[in-house]
Every structure is written in structure tokens, then in C-alpha cells.
Amino acid sequence: MTPIFPPTCSPAQAPGLPDRAGLGLKHEHFVEVLETSPDLGFFEVHAENYMMAGGPFHHYLGLIRERYPLSLHGVGLSIGGEGPLDRDHLARLAALLERYQPQAFSEHLAWSSHGPVFLNDLLPLAYDSATLHRVCDHIDQVQSTLKRPMLLENPSTYLLLERSTLDETDFISEVIRRTGCGLLLDVNNVYVTCTNHQRDPDAYLNALPLHAVGEIHLAGFAEDTDSLGDRLLIDDHGAPIDNAVWQLYQRVLGRIGAVPTLIERDNQVPALSVLLAQAWQAEWQLSQVRP
Amino acid sequence: MTTHGTFARALLEPDRACPAGLFSRNGADPASRFAVYRNNVHNGLINALASAYPVTLQLVGDAFFRAMAGLYVQAHPPTSPLIGEYGSTFAGFIQDFEPAAGVPYLADIARLERLRVRAYHAADDQPLAPQAVLDALQGRADLGAVRLQLHPSVATLMSPYAVVTVWAAHQTEGGLATLDPGYAQGALVLRQGLEVKVFAIDAGSVTFIQRLAWGETLQTAVERALDASNDFDLHQCLTLLISHHAVTYLHLDSKVSP
């Protein structure tokens, strides 16, 4: 595979993601992105969607990468898994990073594989010392294999585990302190998790190491109820970003300043113009906190 | 069993109770919240199959397809994080799925759709220009010894049913009423540039292309193709391959080892 070297001095070649709004790149929008070159800070793709040998996905991502900075977001590494990391998968990630030279790589604080089975969801962890050691070992292995720091995303959860002895925020803080990884702060996940577990989202944010935030995710959620009829929010990336999440985002920016911010949409993908409008809303909020 | 093992098993088996050791801050029944994870796993995988097998879905309807796919997900959960490749054994499952027996060509439609997904994501390779292939082949005394290297996306399928005709009829609205699927048909799938194409071919062409893909010489491939079908038309089949950029290399030296 040939690495892509964009023209010199272009934003695509910058060492890091810009403190601007970016979009999750969907195959439905490949051609329109190339034809219209929307004014965006970066694109993000799911790493697993680009692990095939060839074809249109690589063709289009290669062309788009020449014009834009890129964030590679993994959804399948199962960093919280009980077993060892999948070495083949890690090798595929390394090859993809080599090929596309993304400005950022991120993964989730969750597990998704057990034994030979991949469950295709981000599943909740017991926050205890055994999990802490395991997650830190796995992140060390990822960072040494990929030869770069990664960003770890805070999860959306629907349940709590009796085995947990640490708060989620303390767990995340400790992982970041021990491994030196950064935080991918998913503001929607903060809102979803805090609603589902009756926590104050601002207190949750206060307990996180916000100095380590390297990127923010904004997305929409679906709404359900549990057995008591209480609000149960589901992080489905299938709806516009909720007002409460926009407001929380504004408070985050007020505290830490402008940070690369991704608009995530993976289900019921609308027209590119709809997503661009949300990206510009984020861009406007970012402009309010720039010096 | 480990915590994740119990959790994983309960996710995949809808009748299994919610695992122990889970709770909700508000005191709600954890099963009502565990259901979110179970739903995410099942719906996510069923949706992945639905998008990879759109004509298979159309042939049986959404409700039937989702029920069938749900049983497949339980019996054959993914073993790789590459969800784009999930469902490579789905056609075999459909073949043995008794309630789908009323649509006897359903499994072959699924096989054809799988070949299309594979062709879409197959490795890139530079094809030979059609004229260059023709120039190189024309007038060769040792034509029979030539071996053709085919593009990585090229694949074939032979069915006792008119799979390509059925598949093609579902690419446009209407026009299905008069369709007779009750005759054998072969399929050639390839990616030309960025576009996956499907062609109806005869049994001889299926054999011919398979043999070429195995690295056999033109002569051997032709002999096997004629064994499969007296109607095999070499000129027509070669033209189809060459004009759709399926040939990537010509091994002209008969002495070259494979």
C-alpha cells in the first residue's frame, strides 16, 4: 500500500486535527464531498470500514485525505475485553494508519469481543482494579504498536455493574494518568450516561481530566423508558444533536477552549447539507471561545 | 464462566435471563436496561445483513427476512470486527432454512449478493486495455498455451435457477409478474473501475472462467467448458471478459511455471 503524501503546506498535512468542526464521512457522501469541497476542519472514518483490500471506499478516502485532515476512529478493538487484544486487528490498524497517516486515532472504553465472538456493540465494564490494569495494558500495547498516543472515548452506558469499585470518571482519569493517552470527550455520551444513571453532567465533566481532551464528539440519541417508566437514552447516532447536548458542549468549550469537534451520524444518514448545518453550528460555538 | 462470557451468552440468546451483578441507579429492573444492549447487538447485525442482501430481503419481505436473519445471528454471531464481511455463510444457512423453501432460488440470490459485496471491496489491480489483449492474442500459434490472469473481483456462480434475471428484475420497479425463474443460469460478477457488474452467462462460460482463475491454459479451460456445455462460445466469453477489464495479465510463455 502506498502512503499518501498530500501537497505541502495544506491543512491535510498538518500534524494534528485543527480546532474546528469535522464530519463523520459516510459513503453516501463521497462524491458530493469531492465535488463541493465543503469548508470543514476534518473528516473522521470508522477504521473497520476501510480494512478491505481495495475498491471504491479506498479510492474515495484516498482522494478526500489529500484535501482534509483525517481522524481514524476504531470501533472493534475491544480494549476492555477480558482476553488479549486481537493482534491481527491491531496489525490491520497499523497498516491503515501507515496508509492514510491520520492526525488522530481513537477507540472506546468498552468491550465488544469475547473469545472468538465479536458482538458489534460497545459493552459496559466493571470499574475495578483488575479492569484498570487490563485496560491500561491494552492501551500501552496499542500505543506502542501504533507508535503514537491514542484518544480514549468515554462510554454511553445503560446499566451499572455491582463489581465496580471506582466511579467511571475516576477510572478514566486513572487510565489517562497511567497510559498518557488522551481523552475523546463524547459530550452526547456524557449526557446519555448521566441521564441514565441520575448523575449531574456538569459534575461528571468536573471529575474528568479535561486537560487531556484531544477531540470532542457530538451526536444524537434515541429515547426509551425503563421498567419504572424513567427516561432511558440510547446512543444511536441516528438523530440530530439534542439541545441539551449543544448546551453542555458550550459549557465544555467555555472551560477548555476550542477543540476539534466531530458531528457523528451513523444511522438514518441525512443529506450532506443537513450534517454540514450541524457542523457549522459547532463551528460557530468554537468561534465564540477562540481568543 | 467469566463475567463477559455470561454477558455475551445472554446477549445472543433472547430467552436467557439478564445476567446477575447488574443494577440501575433508580432501582429499575436491570433486565429492562439489559434489553438495550441485546437490541443493539441483534438489530445492528440484522441491519448489516439487510444492507448486504437487499434482493434476498425483497424476495421474502422485511418481517420474514429479519426473523430469518435473527436466527442466523444467534447461531452464527460474527467472529471478526470487520462487519462488512459478516454473513459469508448466510446463503448456506438460507439453503437449509425450511420456512424459506417456498422460494427455492433464495439461497442462490444470497450467494450472488455476497459475490457482489466481495467484488466491491476486492483488491485493486490494473486491467489490460482491451485492444492490448486482442493484439497480443491475435494470430498466436501457441494460443492454447496462454494463461490469463483475472481481476481479483472476478467471480462466477452456477444456479439451477435464473439468478441473474431475478436479481436484475429487482433493480427496477415492477415487471416481475411474468418472470420465470425455472431455468439454469450462470452469473459473472466483476468490478470494472468503481462499478460492480453482473452478467448472465451459460454453464460453459462459468467453467471456462473458473478454470482461467485457477491458472489453467486457454486450451484446458476451453476443453472443460465444452465438457460443461456444447453451446460454449469462446469468442463471446473472451470478449465479455476483455471488454469489461477483467484481464490483468497475459502469461504468454508456455514454459513458465505457475
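## Nonpolar cores

A nonpolar core is a set of buried Ala, Val, Leu, Ile, Met, Phe, Trp, Tyr and Cys residues joined through side-chain atoms within 4.5 Å, where buried means under 20% relative accessible area, exposed over 50% and partly exposed in between, with a 1.4 Å probe and protein chains only. In this predicted model, local features need pLDDT of at least 70 and side-chain atom pairs count only at pLDDT 80 or more, while totals for chains, interfaces and linings use all residues. Residues are numbered from 1 along each chain as its sequence is written, and side-chain values use heavy atoms, with hydrogens and water left out.

The largest nonpolar core has 144 residues, and those with the most contacts inside it are A:L185, A:I216, A:L218, B:F65 and B:F90. Helix α2 of chain B, residues 30-52, gives the most to this core, with ten residues; helices here are DSSP runs of H or I, at least four residues long, numbered from the N terminus. Apart from this core lies another, of 27 residues, which includes B:L188, B:I201, B:F208 and B:V222.

## Surroundings of A:L218

Leaving aside neighbours within four places in sequence, A:L218 is in contact (heavy atoms within 4.5 Å) with residues including A:V187, A:I241, A:W246, A:Y249 and A:A282.

B:H42 is found in helix α2 of chain B and is buried, with a relative accessible area of 10%. Not counting residues up to four places away in sequence, B:H42 touches B:L11, B:L12, B:P14, B:V73 and B:Q74.

B:R116, placed in helix α6 (residues 106-121) of chain B, counts as partly exposed at 27% relative accessibility. With residues up to four places away in sequence again set aside, B:R116 touches B:W167, B:V189, B:V196 and B:V198.

Key
Chains are lettered from A and ligands numbered from 1 in the order in which they are written. Helices (H or I, at least four residues) and strands (E, at least two) are DSSP runs, numbered from the N terminus.
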